[in-house]
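The following exercises concern a predicted model.

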Amino acid sequence: MHRVYKYVLPGVEAELGKLRKLAEAIPNEELRTQALSSMHDKKFHCQGGGVYAAANLEYRDVLIPLIVALQTISDYLDNLCDRSTSLDADDFRLLHQSMLDAVNPDAELQDYYALREERDDGGYLHHLVRTCQTQVAKLPSYGNVRVHVEELVGLYGDLQVYKHIRKDLREPQLLAWWELHQHKYPHLHWNEFAAATGSTLGMFMLFLAASEERLSAKDAESIRHIYFPHVCGLHIMLDYLIDQEEDHIGGDLNFCNYYEDKSLMVERIGHIVGRAREDVKSLPASRFHQLIIEGLLALYLSDPKVRNQTEVKDVSKQLMKNSPLTRLFFLINSIWIRKQQA
């Protein structure tokens, strides 16, 4: 936490400050609004992702700009798709091609807005893509993690397409997609797999791994399987848990609504927590990753949204039962950070 406060949070703030200036200059009003809104409302995504840079401070000047830029693309595109003037799957797919290009240092830039009305962003999205390309090229072992990063980014893009198309098509498309992957994750429910694909943590972990000089291809593959699906799934299931009321009002798809009852939801999320904890034990710096898991639980379950949703509050209490001291520490820390930011 000392490293996070001293190096990571100031570094993230500095990167977001540069991006905010670029976003303020976006000519198209709608694109400008969504770019600024994504940074304002989802700043904690970048702060949380930036924590991975604390594990290798020597590479923080590569990891922080990379994580902030990729997370900002993710949040910006999520806003564009959520509040879209279109329901065109091809439009959403082309927008998310920017994330695939961002993690491929050899990719040519494209007109990612070609299939929508709002197109003039003054080069904002291209800047984000180029920033990622520049930074991944500096990671000494990126060649060994690239295939896994691209796989996770590809799954993320698939999810964003299927969850934002016409409402009557969303579930059928998501279920058809799940059929393609079900054999690899038979212990998961379809909604849990979909949630896992919505996390960027696996990508950030692979970036951190690639900052090590002698990371082997075998170790890179192991890390991908350690983080996906359980650590990634926990991240997004908690996100959906606290957003249930918000999503209900907005008519948005929420993966926590696909359980038969509250007790099954608690059981399944608790199961994913347990699997995530077991998975990270095999990593060399397992204590760091255990802190990530406890921090996720504390961060989401201390969110002010929880207090206003009786059922979510009950679920949170059950998930926080017998909390280890590290999680209680992060719970207090999360509440303190929110007060400072407020």
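**Exercise 1.** Determine which residues of helix 7 meet helix 9, and describe how the two helices pack.

*Solution.* Step 1: Contact requires heavy atoms within 4.5 Å. On the side of helix 7, Leu 155, Tyr 156 and Leu 159 take part, and they meet Phe 193, Ala 194 and Thr 197 of helix 9. Step 2: Sorted by class, this contact between helix 7 and helix 9 comprises five nonpolar residues, one polar residue and no charged residues. Step 3: The axes of helix 7 (residues 142-164) and helix 9 (residues 190-197) are 8 Å apart, and the packing angle is about 115°.

**Exercise 2.** Explain why the buried residues of helix 11 line one face of the helix.

*Solution.* Step 1: A residue is buried when its relative accessible area is under 20%. In helix 11 (residues 217-227), the buried residues are Ala 220, Ile 223, Arg 224, Ile 226 and Tyr 227. Step 2: Viewed down the axis of helix 11, these residues fall within an arc of 165°, and therefore they line one face. Step 3: The partners against which they pack include helix 7, helix 10 (201-210) and helix 12 (230-242).

**Exercise 3.** Identify the element that contributes the largest share of the lining of the second largest pocket.

*Solution.* Step 1: The second largest pocket holds about 370 Å³ of space. Step 2: It is lined by 17 residues, and those closest to its centre are Met 205, Glu 212, Leu 215, Ile 223 and Pro 284. Step 3: Helix 10, helix 11 and helix 15 each give two or more residues to the lining. The largest share, four residues, belongs to helix 11. Step 4: By class, the lining contains eleven nonpolar, three polar and three charged residues.

Technical notes
Residues numbered from 1 in each chain as written. Predicted model: local features only at pLDDT ≥ 70, side-chain atom pairs only at ≥ 80, totals over all residues. Heavy atoms only, no water. Axes fitted to C-alpha atoms, helices over the stretch in contact; angles between N-to-C directions. Nonpolar A, V, L, I, M, F, W, Y, C, P; charged D, E, K, R; others polar. Buried < 20%, exposed > 50% of the residue type's maximum accessible area, 1.4 Å probe, protein only. Arc of directions from axis to C-beta. 1 Å grid on protein atoms, 1.4 Å probe; cavity = no way out; pocket = protein on both sides within 12 Å on 5 of 7 lines; lining within 4 Å. Points joined across faces, edges and corners; volume = space filled by probe spheres on them.
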